[in-house]
Amino acid sequence: MAQSRSSKASSVKTSSTGDYPPFSQRHLLSIADLQPYEIIDLLDRAEKMVPISRQERKSHPTLAGKTQINLFFESSTRTQGSFEIAGKRLGALVMNMAVKSSSVTKGETLIDTAATLNAMRPDVIVVRHSAAGAVELLSQKVGCAVINAGDGAHEHPTQALLDALTIRRQKGRISGLTVAICGDIANSRVVRSNLLLLGALNVRTRVIAPRNLLPAGIENIATEVFTDMREGLEGADVVMMLRLQHERATGKMIPSVREYYRFYGLDAEKLAFAKPDAIVMHPGPMNRGVEIDPAIADGPAAVIIEQVEMGVAVRMAVLDALLPAGDNTP
C-alpha cells in the first residue's frame with residue numbers, strides 16, 4: 001500500500017544559464033537552507049568542474065591560499081577522500097584532522113575543538129559527526145564556512161547534490177522524474193537530503209521499506225510511501241538503494257538478511273517493474289547480496305561509479321561557492 005501527499009514544490013528554472021544571484025549562503029549545513037535556484041546554481045557549477053577533473057593537469061587555482069580542514073568524527077572513505085581531492089584540485093591547503101588521535105578522545109568537547117580550530121584561522125571546515133545537529137553547533141562557534149559532510153541520521157547535503165547531478169547527466173533533466181529510494185529509510189541521512197532536494201525540483205519521490213524502517217512523518221517529505229517494493233518501483237525513472245545502517249539502529253532491524261533480500265533486495269525481477277531505461281544508484285558502501293544483487297550493481301543500469309566521480313565535482317562546486325575568489329577573511 002502507498003501513502004501519498006500532494007506536491008508542494010514550486011516551479012524552478014532547470015536550464016544551465018548561470019544567471020543567478022551571487023551565492024549568499026555562509027555555510028552548507030542542510031538542503032533545507034537552499035532555494036531551488038541555489039541548488040541549480042551548485043549543480044551548474046559542478047558541471048563545469050567535471051572537465052577539470054578529467055584533464056591531464058587537474059589543478060585550478062581558484063582556492064589558492066585558502067585553508068581547508070576536514071574534521072571527520074566518523075570514518076569515511078568516499079566523502080573524506082573526495083573533499084580532500086576537491087580542495088587540492090582547486091589549490092587549497094588541505095588538512096585532514098585525525099580525530100581518533102586528537103584531544104577529542106581525551107575528553108575535549110566539540111565547543112573546545114571549535115575554538116581550537118578557529119584559532120588556526122581556516123577558511124572552511126568540513127565536518128562529519130555521529131550526532132544530528134553537531135555540525136550546526138560547530139558552525140556557530142567558528143568564523144569560517146562550515147560544510148556538513150553528514151551528521152547522524154539527519155542530513156548529508158553534498159551526497160544529495162551529487163546524486164542530483166548524476167541523475168541530470170543521465171536523464172538530461174530532473175524535474176518531472178520519478179525517483180524511488182529503497183532500504184533503511186529510518187536511519188539514513190542520505191534520504192532526508194535527497195527528499196528535500198528532489199522535492200524542491202519537482203520530482204515525484206517514493207520511499208520503500210519495511211514498516212519498522214519507515215520513520216514517523218516520512219510522508220510529509222516523500223510524495224509516496226510504500227512497503228511493497230514491486231509497487232514502489234512501478235514506472236520509476238531512478239532506483240536508489242540504501243544499505244542497512246546497523247551502526248545507527250537501536251535494536252534488531254530485520255529478522256534475517258536472507259528474508260530482507262527476498263523482499264527488499266534489488267534483483268533483475270524487481271528492477272523489471274521500473275522503466276526499461278531506469279538507472280540504479282547507491283551512495284555506498286554496498287552490501288552485495290543484502291540490498292543489491294551483484295549483477296545489478298555491476299550491470300548496465302548502474303551509475304554507482306559515476307556517482308563517485310560526480311562527488312568530487314560537487315564538492316569542488318560547493319567549495320567554490322562558499323569561498324569566492326578574493327575573499328580571504330576567515
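I began with an open sheet: 4 strands form it in the order 3-2-4-5, and the pairing is parallel. This is a predicted model. Next I looked up the edges. They are strand 3 and strand 5 (145-151), each of which pairs on one side only. I also noted the twist, which averages 15° from one strand to the next.

Then I took the pairs of strands. Strand 2 (residues 67-72) and strand 3 (residues 93-97) run parallel, joined by 5 bridges. I picked out Asn70 and found its bridge partner in strand 3, Asn96. What links up with these two strands?

On to strand 4 (residues 124-129). I found 5 bridges between strand 4 and strand 5, which run parallel. Here I noted Val127, which stands opposite Asn148 in strand 5.

My next entry is on the annotation. The unreviewed UniProt entry places the feature "binding site" at Lys106, Arg189 and Arg243. Of these residues, Arg189 and Arg243 are included in the lining of the largest pocket.

I followed up Arg243. I located Arg243 in the loop between strand 9 (238-241) and helix 8 (257-264). Is Arg243 buried or exposed? Arg243 counts as buried, because its relative accessibility is 18% and the cut-off for buried is under 20%. Which residues does Arg243 touch, leaving aside neighbours within four places in sequence? I listed contacts with Asp184, His282, Pro285, Asn287 and Glu291.

Notes. Residues are numbered from 1 along each chain as its sequence is written. This is a predicted model: local features need pLDDT of at least 70, side-chain atom pairs count only at pLDDT 80 or more; totals for chains, interfaces and linings use all residues. Side-chain values use heavy atoms; hydrogens and water are left out. UniProt positions are given in the numbering used here, feature names are shortened, and annotations may be inferred rather than shown by experiment. On a 1 Å grid over the protein atoms alone, a cavity is a set of points where a 1.4 Å probe fits but cannot get out, and a pocket is an open set with protein on both sides within 12 Å along at least five of seven lines; lining residues have an atom within 4 Å of a point. Buried means under 20% relative accessible area, exposed over 50%, partly exposed in between (1.4 Å probe, protein chains only). Contact means heavy atoms within 4.5 Å. Two strands pair if DSSP finds at least two bridges between them. Axes are lines fitted to C-alpha atoms, for helices over the stretch in contact, and angles run from 0 to 180 degrees between N-to-C directions.
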